[in-house]
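Subject: Structure handover

Hello,

Please find the structure below. My notes on it come after.

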Amino acid sequence: MSWTEVGPLVDIPKKGSRVLVTAEGDVAVFRTSGDQIFALFDQCPHKKGPLSQGIVYDNRVACPLHNWVIDMNSGEATGPDEGCTRTFETKIENGTVFISL
Amino acid sequence: MREKLVLIGNGMAGVRTLEELLKLAPDKYDITVFGEEPYGNYNRIMLSPVLAGEKTIDEIMINDLQWYEDNNIKLLSGKKVTTIDRLNRVVTADDGSTENYDRLLLATGSRPFMLPIPGSDLEGVISFRDIADVDTMLETAKIHKKAVVIGGGLLGLEAANGLMIQGMDVSVVHISDVLMNQQLDKPASDLMLEELRGKGLTFLMEHQTEAIIGRDRVEKLRFKDGSEIDADLVVMAVGIRPNIELASSAGIHCDRGIVVDDTMQTFDPRIYAVGECVQHRSQTFGLVAPLFEQAKVCSNHLAQMGIARYISSVTSTKLKVTGIDLFSAGDFLGDDDTEDLVFKDAARKVYKKLVIKDNQLVGAVLYGDTVDGAWYFQLMRDGTDISDIRENMLFGQHHLGDSGHGPSNSVDGLPDDAEICGCNGVCKGDIVQAISKHGLFTLDEVKAHTKASASCGSCTGLVEQLLASTLGGDFNDTPSKKPMCGCTDLSHAEVRAAIIEKSLKNIPDLMSALEWKTEDGCHSCRPALNYYMLSSWPNEYQDDPQSRFINERVHANIQKDGTYSVVPRIWGGVTNPRELRAIADISEKYNVPTVKITGGQRIDLLGIKKEDLPKMWADLSDAGFVSGHAYGKSLRTVKTCVGSEWCRFGTQDSTGLGIKAEKMTWGSWTPHKFKIAVSGCPRNCAEATIKDFGIVCVDSGYELHVGGNGGIKVRATDFLTKVATEEEALEYCAAFMQLYREEAHYLERTAPWIERVGLKHVTSAVVDDEVNRKRLAERFHESQKNAQVDPWAEHAAKYKDNYIPIKQVV
């Protein structure tokens, strides 16, 4: 597995995210209140809303366009909504976030 | 090791408690359920439509056997528990099997009361309670002709209607001269009697049965007056009695029902009880809505969260007989201290009676036109002061000066392809199908599954009607208080009060003090809490950007493609060539694809990339602009007309006053967006009477209006008062805004807020009490000291990094 450096953990706000620009499109990198890192393709399965701009709580993010709630672990929409967005593996080493694209 | 929970009674109340418990604490208990009937849990209320052939047994199953398996619940159906050994905590069933428990839940329900008269044990004399009774009725209808129903209450009439549809000649025997006397008064009963007679039912009113006569099987009935009537089938529907024998034999304190406290706990602290078997504050229950509330409370205590209390509240009833519209709630008879509002149109077969006490609605009977039942019910439960709407309330909610889409007449008549939710394009058929297919009970569930009423909410009334008509009228599941969201059981009002009382000054403290069920809250409660903190502690609270919706976090409006729109503030809508030139230059510099004049007299620059926002703001700042807050739950714009400066009709300087009002109020956060307008004369070109705060200038001064809305539901303002000077107008404006900021629920516009608390409440706080008005205005100005910082300038200078990607990988 090849890891790409994203940046220092502290540069991502708690219960927030930053965008990583890649050749294939934007990837949203989230940091939870417990300092877990998740990464999702930055498009809601519903109407492609930028998930990076949503409100983060527990392991979930609410899409800013129509409030679909996406489980950041699986990328799946929760509740009765159905849809899935791509997820990426991440790790934190010595305070630096890495992603496997 | 997990504790053991045993439920006795596999009916709606008990199983609903389990469902609620599984939501709260899925792994706390090993659960065993004893049920006498050999089925899963079914919706007993829907037996009437089954009897009438409108539904099948499969359609009324709520939890099939698979559900028990999926949730690891041991279901022992067809077994009747005969003893509870409280000392050793063991229950024993009639087949000798035993089960230990740590907690026991009794939901033994009720059984029909059989009149103690000769012949009541003959074959062909039954009650109307379970699937077996319905089977008997259906079988009997095939070979016999004459049915008699004893009891003209809700259940009796539904049974009679069903038997008639199955082809029997049905007579209803009733002891008083009023049908459904638990729910109706005489005029409503008379209308219904006429209509049911028209359908083919026979009624023997004021008849008391003396004996049921027959050799092996029922043959006839004899009444007290000596008259007789032939019968092949007798259905007794004269009432229910709580099943307390089991509890009673175990020494648990019982009166008419099993006595429980506000936590649904019985005399024995390890034993809880819910449903029709209980007696709570000397009341027993026969309708489903209170049972569901009990289930909620009980599950909370079984999960050892310990914060819920059951408070019994008014209930409403509807009759599930197709073609008969009936609604009844609360104290519909009234007494010497109440007043009645009555409407009767015998030709249209419409009767409405509202019972009022101390300016509050305490009871209602509706016959023939029940569209407004849910609304009246809400008014009753909320204890709304109705003095302002008294004149028109009898004619329904859509007669209150609401020219928007108020509840249209009955949804029953609409075709399946009628669009109910215009925002999400959801048709009636979709909603009805989702309700039956997924077993939905509440508005929130319908929202989640179909998206109907999940956006703007203007169709909520219609969706509630569909729920009621699809599920049967008893499902008036409107909770008496609505929790903020799934993270808590507390309502907005309770949370606001707790913030002040317990002096909670940040979100984490609040969540721990009020026992939030989730670690981080959710996208629904966090923005609300952030606002409540901000408005309660304006000088101390540190705003939490992560608890704000994206628009307020980045001070711009997100668009469907992820770009943003930017609206610079243009005071009072008055601009000049220099400002316009600056906006034009900036638009060209950033290739703004669309420039649009807004409804609030501002200029909207659309299609801005997030990373361009700080640069653009810096340029706008340099040109003298501040943020227009078009994105916020905050003061939006003050719209004006040209007024006395130019207009030949203008009476006062409306533009000047508008600019002063905007300079005073900009930057303030409010529960929802807040719009102001100032018109220079009663021609009202600035449309001040559909704004949250509107000023209409007249020759002698300024008329002040509040609570208008031009959006989802058009609502004209209420007239607040008239003042002589600009200073007074501004003081009232500040005071009104502050009252709204301190009291309204998050995301509640001024219009619904005023409808909830009543205009009187606002007038007495802002108009009648000068000291209070001045204090409110003072508090407003105090909080404005910290609020009037231009967020654009601040972000362009300090937080630029928030707007750019963390890294680019190519």
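Predicted model: local features only at pLDDT ≥ 70, side-chain atom pairs only at ≥ 80, totals over all residues.

Residues are numbered from 1 along each chain as its sequence is written, and chains are lettered from A and ligands numbered from 1 in the order in which they are written.

Chain A
Chain A has 9 strands and 0 helices; helices (H or I, at least four residues) and strands (E, at least two) are DSSP runs, numbered from the N terminus. Of its 101 residues, 42% are buried, where buried means that 20 or more other C-beta atoms, placed from the backbone, lie within 10 Å of the residue's own.

Contact between the chains
On the chain A side 31 residues are in contact with 21 residues of chain B, a contact being two C-beta atoms, placed from the backbone, within 7 Å. Strands S1 (4–8), S2 (16–22) and S5 (55–57) of chain A each give two or more residues to that side. S2(A) gives the most, with 6 residues. By class, the side of chain A that touches chain B holds 16 nonpolar, 9 polar and 6 charged residues. Here Ala, Val, Leu, Ile, Met, Phe, Trp, Tyr, Cys and Pro count as nonpolar, Asp, Glu, Lys and Arg as charged, and the others, Gly among them, as polar.

S2(A) also runs parallel to strand S39 (residues 807–808) of chain B, joined by 2 bridges; two strands pair if DSSP finds at least two bridges between them. Val21(A) has Gln808(B) as its bridge partner in S39(B).

A sheet in chain B
Chain B contains an open sheet of 5 strands with parallel pairing, in the order S5-S2-S1-S9-S21. Strands S5 (73–77) and S21 (271–273) of chain B are at the edges with a single partner strand each, so one side of each has no neighbour in the sheet. S9 (residues 103–106) and S21 of chain B pair in the parallel sense over 3 bridges, and Leu106(B) has Ala273(B) as its bridge partner in S21(B).

A helix in chain B
How many of the 12 residues of H13(B) are buried? The number is 9, so the helix is largely enclosed by the rest of the structure. Among the buried residues of H13(B) are Gly461(B), Glu464(B) and Leu471(B).

Regards
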